[in-house]
Amino acid sequence: MTSPRVEIDLGKIEANARYLVRRLCACRISVTGVTKAVCGHPDIAEAMLDGGVAGLADARIKNVIRMRKAGITCPISMIRAPMLSEMEDVIQYCDASYNTEMDTILKLGAAAKQQSTSHDVILMVEMGDMREGILPENLTDFATRVTATAGVALKGIAANFACMSNVAPMGGDMVRLSRLAAQVERGCGPFVELVSGGGSANLPWALGENSSGRVNNLRLGEAILLGTDPVTGQPIAGLHTDAFALFAEVIETKAKPRAIPTKSAASELGNLKLVRNDDGKARAILSIGQQDTDTSGLTFPSGVLFIGATSDHTVVDSTNSAVSVGSEMKIGLNYSALMRAMSAPDVVKAIRGKQRMNGSARDGETRPFLALI
Ligand SMILES: *Cc1c(COP(=O)(O)O)cnc(C)c1O
């Protein structure tokens with residue numbers, strides 16, 4: 001088979017989505033499936049939808065267009081604030097977008113009017129992650145201006161956690177967000193339909209004993225795709241953690257002495273790397289590198305240890321594992337490694353499970369075959 005490749009088990013992705021949808025439904029929280037880590041891959045988006053997610057969200061309009069062209073008609077929102085240079089596409093292909101700038105919202109309204117439609121706006125509130133967000137004290141004034149803007153409708157408010165900072169939200173943050181929803185309603189009138197609490201980092205809170213208050217939506221990527229908690233990296237009980245596997249081919253196996261820095265290498269101090277003191281140990285080289293994935297986010301089979309990687313090579317210690325040239329190694333991926341592999345042109349995406357037919361219709365039954373796409 002062609003390598004490197006990512007093998008994708010759609011059944012496990014669907015099962016993860018279904019489990020989370022069912023658990024969160026009990027506390028009246030809907031799930032939006034986030035497809036940015038898989039570049040809006042239509043089969044994966046369909047698997048999320050088959051698992052019952054209420055809609056999809058992506059950070060890039062190109063990924064949204066990819067899903068629309070494949071025949072996906074569910075609500076899709078842009079979770080990254082749209083660029084002024086992509087207004088027309090955002091209006092045409094997305095039902096809603098997350099926003100933090102009035103200039104952008106005015107332009108979205110104008111573009112929506114031009115296309116004789118209306119666009120839903122969700123306001124992202126800054127609650128400590130310090131990435132995007134309107135400061136809470138400015139939210140009601142901001143929302144009032146949005147409600148006065150033609151072409152857009154205020155659909156809801158949202159918060160974001162554990163993206164820039166690695167801090168999970170606490171119950172108190174969700175109480176504050178709920179209060180902000182009520183405050184916006186008092187301040188400017190319309191019912192705040194959507195209160196989106198955050199992403200996979202919110203699951204410990206949502207699946208815990210807390211009352212969800214006004215929070216009625218989560219935007220989930222990592223938990224559905226990898227079954228892991230983005231803050232701790234640990235598996236979430238009840239979810240599959242092996243829906244994705246990376247396969248790479250071995251192109252060299254040799255016992256090598258420890259690298260001795262040459263004069264010229266030593267002079268380039270900035271380029272020196274720490275290498276393990278593994279004199280004379282068996283090493284293998286895999287034909288995959290930084291251009292294909294985040295090599296620091298890979299999990300190797302037991303007995304294989306990561307030594308280092310360059311743009312096209314990954315070197316591992318294979319002393320405790322029988323590895324031969326031409327064999328394939330099955331490797332696990334974290335979110336960052338997955339995202340890079342899914343967007344790398346040289347990594348084949350091999351789908352296992354339900355297949356789309358002719359790019360539009362869906363196949364009802366599960367078929368145990370692999371297809372290269
Ligand atoms: C990426 C992203 C998400 C999904 O995060 P996960 O940790 O993968 O669940 C949700 N909201 C926003 C704004 C994002 O950028």
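The structure is a predicted model, in which local features need pLDDT of at least 70, side-chain atom pairs count only at pLDDT 80 or more, and totals for chains, interfaces and linings use all residues. Residues are numbered from 1 along each chain as its sequence is written, and side-chain values use heavy atoms, with hydrogens and water left out.

The mean pLDDT of the chain (the predictor's confidence in each residue, from 0 to 100) is 90, and 89% of the residues reach at least 70. Over residues 357-369 the pLDDT falls below 50, although this stretch has 19 contacts in the model beyond near neighbours in sequence (heavy atoms within 4.5 Å). Where pLDDT is low, the predicted coordinates should not be read in detail.

Polar contacts are pairs of N or O atoms within 3.5 Å. A polar side-chain atom of Arg 131 lies 3.0 Å from a ligand oxygen atom. Backbone atoms take part too: a polar one of Gly 221 is 2.9 Å from an oxygen atom of the ligand, and an N or O of Glu 222 is 2.8 Å from a ligand oxygen. Taken alone, the ligand exposes 380 Å², of which the protein buries 92% (Shrake-Rupley method, 1.4 Å probe).

How values were computed:
Polar contact = N/O pair within 3.5 Å; in protein donor to acceptor, adjacent residues only side chain to side chain.
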